[in-house]
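I opened this notebook to record what I looked up in the structure, one topic at a time.

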Amino acid sequence: MRKIGDHAVVLGAGMAGLLAARVLSDAYGRVTILERDPLPGTAGDRRGVPQGRHAHLLVPGGTEILDQLFPGLLDELAAGGVPVVRDLAELRFAPAGRPLNLRGRPAGPFICQAGRPYLEGLVRTRVRAIPTVAIVDRCEVVGLSNDSARHRVTGVRVVRGDAEELVDADLVIDATGRGSRAPNWLAAIGYDRPPEEKLTIQLKYATRHLRRRPGALGGAKVIGIGAEPDRPTGLVMFAQEDDRWILTAFGYDGHHPPTDPEGFLAFIEAIAPPDVFAAIRDAEPLDGIVGHRFPANVRRRYERMRRFPDGLLVIGDAACSTNPAYALGMSVAALQAAVLRETLAGGDRDLARRFLRAAAKPAGVAWQFALGGDLAQPSVPGPRPLPGRVLNAYVDRVQAAAEHDPVIAGRLLRVISLQDPPTRLFRPSTAIPVLVYSLRRRPAVPVDAGAVDTPVVGPRA
Ligand SMILES: Cc1cc2nc3c(=O)[nH]c(=O)nc-3n(C[C@H](O)[C@H](O)[C@H](O)COP(=O)(O)OP(=O)(O)OC[C@H]3O[C@@H](n4cnc5c(N)ncnc54)[C@H](O)[C@@H]3O)c2cc1C
């Protein structure tokens, strides 16, 4: 790629920041990542990414891009002991409580099950190895600097130790996550704040690591049971590196998972099929139970601002943060990194407008999935306009058909894994059999049907 600038600065060394830095290294002479936390040498929990203690699935839409950006990364993960689902029979996924019939469907490298700190550690090592990229930790970004006309962001103000410094850049990318202060920083240099959309869901996560008894759950590697309108709780459990399992339970307002061992187990019992519950009850707990609150889906519409400065982009959770139960955030960041690569290939003219518009697309898909699923919960306050209800009713029928038909289940899985656009589900080749199934009103398959090798997680958390 043609170099279009000398120095790009990325704010935040989370997944979005690391992926953006990898892409920028092809287009800028040097790239500096500024991170507030002290960064561990390899994998490790850290303050700036508290969600890293909870289950993080990288769905195939994201996996494919990571594999392109870092050739061999998936092999490296597998060699390090990270289980990778290669056969869909290893999945038990029940979006909206309905098990997908994935029997007989082949899978390429599919869902990557690394612990978030492990995956981030490996990606950070790869990014550190790029000679033109520097990662500066213990460095807090506190604002933007700009040219005298206030048309262009020219760098950032940072605090390192006790001193405030200026870091100049041709391009600044905000990847500081959900707590991003870019709206305030923009206001401080004379711009409006972005329009913000918000859906309050009052979700709570609780997580613990386990060592399962040998043979428990057979060949299953990922188990996911989504919430239903009359059961606002769910769980995800999967095998990880170091021969351990991560178990995350979640619940909407009024149905939060307890963090004491007995209460947590009783919460799980009310969700899990008997064999899954038995495996959890009999497993060895490896740590205490940690909770995490996720109050709301939040989307900042930078692409809709009338005036936006040159030299600044926003990526990842800083622009859009959705209900984690849909497991899409890291993959949206990866898709936006791919968008960044395409946008940079077109040069730096009008870069911010072109990038922000294109990056809003993958974010918009995740946003629609989250809203569709969350508004199916009676406890979630918000308008439920007719088009949304019609769409939800159709998705419901797709899910019902996917309980029986492996082809429809496979198509649904590709859409909720961000490999295919949602419009795929409206093509006649899917819509017709879905309508036929819905007319036949086939009975629902119980969540525990077929136990170990019945694939059961999807657009509904
Ligand atoms: C409980 C939970 C579970 C989740 N599960 C999944 C999942 O299963 N699958 C999935 O794909 N996604 C999941 N996500 C979403 C995922 O964590 C994020 O979407 C993903 O990490 C991308 O985030 P990011 O890089 O934009 O921000 P973050 O990962 O939050 O990183 C932001 C970085 O910026 C740094 N920073 C912040 N402010 C400053 C500052 N002023 N100066 C310098 N540095 C700063 C922080 O320290 C941090 O390193 C989950 C989220 C939560 C809350």
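Predicted model: local features only at pLDDT ≥ 70, side-chain atom pairs only at ≥ 80, totals over all residues.

**Entry 1: helix H1.** I began with helix H1, which spans residues 15-24 and is mostly covered, since 10 of its 10 residues are buried. The buried residues include Met15, Leu18, Leu19, Val23 and Leu24, and Arg22 is also listed there.

**Entry 2: Arg22.** Why does Arg22 count as buried? Its relative accessible area is 17%, and buried means under 20%, so Arg22 falls in that class. Leaving aside residues up to four places away in sequence, I found that Arg22 touches Leu69, Phe70 and Ile130.

**Entry 3: the largest cavity.** I noted a volume of about 100 Å³ for the largest cavity, and a lining of 13 residues, of which Arg300, Glu303, Ala319, Leu356 and Ala360 lie nearest its centre. Strand S14 (290-300) and helix H9 (351-374) each supply at least two residues of this lining, and H9 gives the most, with four residues. By type, I recorded eight nonpolar, one polar and four charged residues in the lining of the largest cavity.

**Entry 4: the second largest cavity.** Here the volume is about 60 Å³, and among the lining residues I found Gly316, Asp317, Cys320, Thr322, Val332 and Ala366. Two or more residues come from each of strand S16 (320-321), helix H8 (329-345) and H9, with the largest share, three residues, coming from H8. The lining of the second largest cavity divides into five nonpolar, four polar and one charged residue.

Key:
Residues numbered from 1 in each chain as written. Heavy atoms only, no water. Buried < 20%, exposed > 50% of the residue type's maximum accessible area, 1.4 Å probe, protein only. Contact = heavy atoms within 4.5 Å. 1 Å grid on protein atoms, 1.4 Å probe; cavity = no way out; pocket = protein on both sides within 12 Å on 5 of 7 lines; lining within 4 Å. Points joined across faces, edges and corners; volume = space filled by probe spheres on them. Nonpolar A, V, L, I, M, F, W, Y, C, P; charged D, E, K, R; others polar.
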